[in-house]
Amino acid sequence: MSAVAESLLCDRCGAPLTVGPRARFVTCTHCGARLSVHRSDSAAWTETLEEVAAATGRIEAKLDALHRRPQLDALEQEWERMQDELGVPVRLGRRRPPTAKDASHMALGFQTLAVLTFGAIAIGAALKGEGGAFLFGLLWASGVGALMWCLAWLAQRGGIERVQRYEAAERDYRRRRAELLGGSEAAGERRGEAR
Ligand SMILES: [Zn+2]
């Protein structure tokens, strides 16, 4: 670096400036801009201080985003796991949100099975049983049918619970995501006011 005064140009208006060899700041004599002086091994240039502040703000915003990125990634992964756990398989490994209709279909399946089982056992008992044997068959059919009906009820309840859990998880995911993303925007605004 030379020990004599340098001749630089104002970053804002382009006017020539004479800057001392070690000066770090200079005020433009032509437009009055406050400038910082930057030097590399081969060159020297000026930058208006407002731009320095803006660049610092940009770096802060970037660091902020870098800090949030792992949290966002973790949130996305958690949501994907939830979808895998609670979603309904469609095809090719894809899933869709569960619906109350799924629960009804499952329940209807068990109810149909309950009626068919009861009917089959009852008819079987009627065909070969007489008296006490027939009554026992009817009782047996009612028991199995009632058990199937309970399974239908459990399936319906489980399906509705699954829909509610899915909806709660989705609300939670959207809220936390908005918080993470909205937080960085708010931080940017605060920096903007400070300048
Ligand atoms: Zn100037």
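Biologist: Let's begin with a tryptophan: why does W79 count as partly exposed?

Modeller: W79 has 17 C-beta neighbours inside 10 Å. A residue is buried with 20 or more other C-beta atoms within 10 Å of its own, exposed with 12 or fewer, and partly exposed in between, the C-beta atoms being placed from the backbone. The count of 17 therefore makes W79 partly exposed. Please keep in mind that this is a predicted model, in which local features need pLDDT of at least 70 and side-chain atom pairs count only at pLDDT 80 or more, while totals for chains, interfaces and linings use all residues. Residues are numbered from 1 along each chain as its sequence is written.

Biologist: Where does W79 sit, and how far is its C-alpha atom from that of Y173?

Modeller: W79 lies in helix α1; helices here are DSSP runs of H or I with at least four residues, strands are E runs of at least two, and both are numbered from the N terminus.

Biologist: Which residues make up the largest nonpolar core?

Modeller: There are seven: L8, C10, L17, C28, A33, L35 and V37. A set like this is called a nonpolar core because its members are buried Ala, Val, Leu, Ile, Met, Phe, Trp, Tyr or Cys residues joined through C-beta atoms within 7 Å. Among the residues touched by V37, again without those up to four places away, are L8, F25 and A44.

Biologist: How do you know that β1 and β2 pair?

Modeller: Strands pair if DSSP finds at least two bridges between them, and β1 and β2 (residues 16–19) have four, in the antiparallel sense. L8 stands opposite L17 in β2, and S7 faces T18 there. Their hairpin has six residues between the strands, with G14 at a positive phi near 85°.

Biologist: What is the order of the open sheet of three strands?

Modeller: The order is β3-β4-β5, with antiparallel pairing. β3 (25–27) and β5 (44–48) are called edge strands because each pairs on one side only. On average, neighbouring strands of this sheet are turned by 35° against each other, direction ignored. Helix α1 (residues 49–86) packs on the sheet, touching β4 and β5, and its direction makes about 80° with that of β5. Axes are lines fitted to C-alpha atoms, for helices over the stretch in contact, with angles from 0 to 180 degrees between N-to-C directions.

Biologist: Which residues does UniProt annotate as "transmembrane region"?

Modeller: The unreviewed UniProt entry gives residues 105–127 and 133–155; such annotations may be inferred rather than shown by experiment. In the model, residues 105–127 are 100% helix and 0% strand, with end C-alpha atoms 33 Å apart. Residues 133–155 are also 100% helix and 0% strand, and their end C-alpha atoms lie 33 Å apart.

Biologist: And how is the protein divided into domains?

Modeller: Domain 1 covers 6–49 and domain 2 covers 87–194, with bounds from an automatic or database domain assignment. Their C-alpha centres lie 72 Å apart.

Definitions and conventions
Two residues are in contact if their C-beta atoms, placed from the backbone, lie within 7 Å.
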